[in-house]
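Here are some exercises to work through with the model open beside you. Try each task before reading its solution.

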Amino acid sequence: MTVAQALVEFLGRQYTVDRIGTEQYRERLFPGMFGIFGHGNVAGVGQALKQWQATDPTLMPYYQGRNEQAQSHQAVAYARHTRRRATYAVSTSIGPGSSNLLTGAALATANRLPVLLLPSDTFATRAADPVLQQLEMPHGYDITVNDAFRPLSKYFDRVTRPEQLFSALSHGLRVLTDPAETGAVTISLPQDVQAEVLEVPEEFLAEREWRIRRPEPEAEDIARAAQLIREAQRPLIIAGGGVLYAFAQDELAAFAEATGIPVGNTQAGVGVLPWDSKYSLGAIGSTGTTAANALAAEADLIIGIGTRYEDFTTASRTAFQDPNLKFVNINVAAIDAYKHGTSVPVVADARKALIALREELTGYRVEGALEVRTAEEKQRWDATVDAAFAERHAPLVSQNAIIGAVNGAMDARDVVVCAAGSLPGDLHKMWRVSDPYGYHVEYAFSCMGYEIAGGLGIKRAALDEAARGAADGRDVVVMVGDGSYLMMHTELVTAVAEGIKLITVLIQNHGYASIGALSESLGSQRFGTKYRALDKQTHSFDGEQTLPIDLATNAESLGVKVIRILPGEHVIDELAAAVAEAKAAPEGSGPILIHVESDMLIDAPSSESWWDVPVSGTATLESTRKAYETYSARKARQRPLLG
């Protein structure tokens, strides 16, 4: 076989196995491969995929894409929806085909999500140096574009001899399927080596299972954690994405019910509890609810479960103000379990740790005052969101009302998708989720352009879910601003080609709303954040006249069905009806885009929190000097919390 033929057959026979309680799960690790072909991979991986398509098209189905970065986003989104049990492989040519994957690699590793990247490389033999698109470095001729993947990948290897394929794949898949280590796995494939012939042992091509590790907590750690909880007066749980990846949402609900300890959630942890659970305070931190942030400020014990404590979660380490605060951190990854000088790091699977901790705390419950405080703050925030959803500005509506209309028109099992701009923060604090799969916001890397590609990956996972009979169908609704849409919208063509019903709500506000508001708060007067024509006299883009851009027509030109909602008095009612119409479309009918305009100057309700973005210490602009005074006052509340 050639190296590429062995690679494709091997990947097609890999499975993950997982046990949750008494239930056993087994599914394909790679349901398919994305690829854009060039001279680096067309005769290697491309030939192997075509050969298998002719003999057994189910072994490794091939999927087209329009951009290598977007293909990796599809794979990562698929992995998140399948709770890291499955992902896609991505094949690229050399040069720009490979380097287009770099952002995707960083996003996967930052989010702790598996993706297998197979960038092609220049000739291992150097028989034809320098080939087209080869990077030449005079100080190191063995350096190629693909070396840029090393700091972005959890595992990197280069197959410079055919026999190295066996160990490269074995080590790579070990990392890929390890919950504590997973991220981007990059295996660089020189274009000549892909086509070389080698003898492949039959056992290498046999089916293989990779068991997802779910480590048990140590009894001593559980006992120490329980002791700290019993001693605390105002404990608070911060639940992250690790709760969902461990399928621990039911155990978390049972733990909160038994102990009365309230729960705040990170971006990745939205859905760990239904929004209307009496113990759910909702989002925490810079983009959090006033309820979660009020209790965080008073907490004397933080129980972090499956969170990596991003600065948004900790409000840049200003969220927690009790001088005697302690941390108990439960995480499958030691790097996260030991953060913030934790008193008790519990390196274990979140579900198993919660079961053990609940048993250890039999008979324990928080004081009634904390439960009363939880209920009061939750009620206050719910009323704030109700008011925001009820806003009816005209002719341009608020993003708050748009979110409320879309949220209300979707079913509980549907999935909302977002990644960058003002939307993630507004969704985090206001979106009301009832299903643990219902919220998918990529915020570890907050990558503009992820939204549509990621939504397509989630929809693939939902369709596979339904085909296996594992769940009923889900609609996937992408919410995206015009800034992110312009960054990367071409995977809509992929949805058209495959007839995938992906619903996109495109909010046009003619600029960068999030960074515009941040710029204003930092004294930079929304510089460079509006989509306006260049005023050549002042060399600014600050005019009032918006650009004559029609993104609805742009989507139509790609073959997408578009529903236009014009500014006016009834935008919100029309938007809700448009979402209902899109949901009613049959599966297989292709993508639908709903275009609506908003007023970018209407803010979401305040989180009564902070995010540390430095302000210039000296300036001639009066706005910057005033912003620095505010910044200095906020900075004084920051606590190291370092271990």
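**Exercise 1. Find the volume of the largest cavity, then describe its lining.**

Step 1. The largest cavity has a volume of about 550 Å³. On a 1 Å grid over the protein atoms alone, a cavity is a set of points where a 1.4 Å probe fits but cannot get out, and lining residues have an atom within 4 Å of a point. Points are joined across faces, edges and corners, and a volume is the space filled by probe spheres set on them.

Step 2. This is a predicted model: local features need pLDDT of at least 70 and side-chain atom pairs count only at pLDDT 80 or more, while totals for chains, interfaces and linings use all residues. Residues are numbered from 1 along each chain as its sequence is written, and side-chain values use heavy atoms, with hydrogens and water left out.

Step 3. The lining has 43 residues, and Gly241, Gly242, Ala268, Gly306 and Arg308 lie nearest the centre. Helices (H or I, at least four residues) and strands (E, at least two) are DSSP runs, numbered from the N terminus.

Step 4. Sorted by class, the lining holds 19 nonpolar, 13 polar and eleven charged residues. Here Ala, Val, Leu, Ile, Met, Phe, Trp, Tyr, Cys and Pro count as nonpolar, Asp, Glu, Lys and Arg as charged, and the others, Gly among them, as polar.

**Exercise 2. Which residues lie nearest the centre of the second largest cavity?**

Step 1. This cavity, of about 240 Å³, is lined by 22 residues, with Trp275, Gly282, Ala283, Lys429 and Trp431 nearest its centre.

Step 2. Strand E12 (280-283), helix H14 (368-389) and helix H16 (422-430) supply at least two lining residues each.

Step 3. Trp431 also belongs to the largest nonpolar core, where Leu252, Val406, Trp431, Met479 and Ile594 touch the most other members out of 96 residues. Such a core is a set of buried Ala, Val, Leu, Ile, Met, Phe, Trp, Tyr and Cys residues joined through side-chain atoms within 4.5 Å. Buried means under 20% relative accessible area, exposed over 50%, and partly exposed in between (1.4 Å probe, protein chains only).

**Exercise 3. Which elements give two or more residues to the lining of the second largest pocket?**

Step 1. About 620 Å³ of space lies in this second largest pocket. A pocket is an open set of grid points with protein on both sides within 12 Å along at least five of seven lines.

Step 2. Of its 28 lining residues, Tyr25, Arg85, Phe247, Gln249 and Tyr437 are the closest to the centre.

Step 3. The elements are strand E2 (23-28), helix H10 (249-259) and helix H17 (450-467), with the largest share, four residues, coming from H10.
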